[in-house]
Amino acid sequence: MKKVLIISSSLRGGSNSEILAHEAERGAKDAGSEVEFINLKGKDIKFCIGCLACQKTFKCVQNDDMAELIGKVQNADVLIFATPIYYYEMSGQLKTFLDRCNPLFPQANKFKDVYLITSSYDGSENTADRAISGLKGWIECFEQSRFAGALVGGGVNEPKSASGREDLLQKAYELGKNI
Ligand SMILES: Cc1cc2nc3c(=O)[nH]c(=O)nc-3n(C[C@H](O)[C@H](O)[C@H](O)COP(=O)(O)O)c2cc1C
């Protein structure tokens, strides 16, 4: 059974990317995966300070919620990150989360498939290209991981608008079902 960890990074109520991430969760559960869904809202995750102490100790010198979350990242077979598109990139909170995974570098731990789910006002196909590219940079540093796919949820702006987008909900469900 695959262990799937979903990290939803939007901090707003009625988050579109989170609605899509929950559909992926439903699909993954239907496929028999063990799924944990984590929202970064209310989590204490400080910026990486770049001291590199973690490269010797495999631990961050900062004591916050990342201490628990990083263990979950390490143990997952599949990671699904969900983010709103902010200025044609991933959210700052997701980038901070990725930076704070540095204690795992370069152990790479077990092989992981990594997916990205985005939501944005812009419905163009390439809206999430920079966010995908940023995530691929992170994946490149963990050799045993690979980018496994993205769901680009374009054309959703107001909170909860993804709920009315059957096309995106279906794609999100399938992403989860097929991992
Ligand atoms: C600071 C900020 C920057 C944004 N930048 C973009 C953008 O560059 N392109 C775009 O299409 N939408 C942009 N949006 C709109 C959001 O991506 C959109 O509302 C999305 O559905 C939010 O996802 P969420 O509900 O999961 O937070 C931006 C929104 C905010 C708050």
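**Figure 1. Lining of the largest pocket.** Seven nonpolar, eight polar and two charged residues make up the lining of the largest pocket in this predicted model. The pocket holds about 260 Å³ of space. Its lining counts 17 residues. Closest to the pocket centre are I85, S119, S120, Y121 and N157.

**Figure 2. The largest cavity and its cysteines.** The structure has two cavities of 30 Å³ or more. The largest of them contains about 100 Å³ of space. Its lining is built from 14 residues. C48, C51, C54, C60 and N102 are the ones closest to the cavity centre. Sorted by class, the lining of this cavity has nine nonpolar, two polar and three charged residues.

**Figure 3. Cysteines without disulfides.** Zero disulfides turn up in a search of the whole structure. For C51, the nearest cysteine sulfur belongs to C54, 6.3 Å away. A disulfide calls for sulfur atoms within 2.5 Å, so C51 is in none. C60 is likewise in no disulfide. The nearest cysteine sulfur to C60 is that of C51, at 6.4 Å. How exposed are these two residues, C51 and C60? C51 is partly exposed, with a relative accessible area of 46%. C60 is also partly exposed, at 27% relative accessibility.

**Figure 4. The largest nonpolar core.** This core has 28 residues. L79, F81, F97, L98, L135 and W138 touch the most other members. Six elements each supply at least two core residues: β1 (3–8), α3 (66–75), β3 (78–84), α4 (92–99), β4 (112–119) and α5 (129–141). Helix α5 gives the most, with five residues. In soluble globular proteins, nonpolar side chains tend to be buried together.

**Figure 5. Close-up of F97.** Which residues does F97 touch, leaving out those up to four places away in sequence? The contacts are I7, L40, I45, M66, L69, V73 and F81. F97 and F81 are both among the residues of the largest core that touch the most other members.

Definitions and conventions. Residues numbered from 1 in each chain as written. Predicted model: local features only at pLDDT ≥ 70, side-chain atom pairs only at ≥ 80, totals over all residues. Heavy atoms only, no water. Buried < 20%, exposed > 50% of the residue type's maximum accessible area, 1.4 Å probe, protein only. Core = buried A, V, L, I, M, F, W, Y, C linked by side-chain atoms within 4.5 Å. Helix = DSSP H or I, 4+ residues; strand = E, 2+ residues; numbered from the N terminus. Contact = heavy atoms within 4.5 Å. 1 Å grid on protein atoms, 1.4 Å probe; cavity = no way out; pocket = protein on both sides within 12 Å on 5 of 7 lines; lining within 4 Å. Points joined across faces, edges and corners; volume = space filled by probe spheres on them. Nonpolar A, V, L, I, M, F, W, Y, C, P; charged D, E, K, R; others polar.
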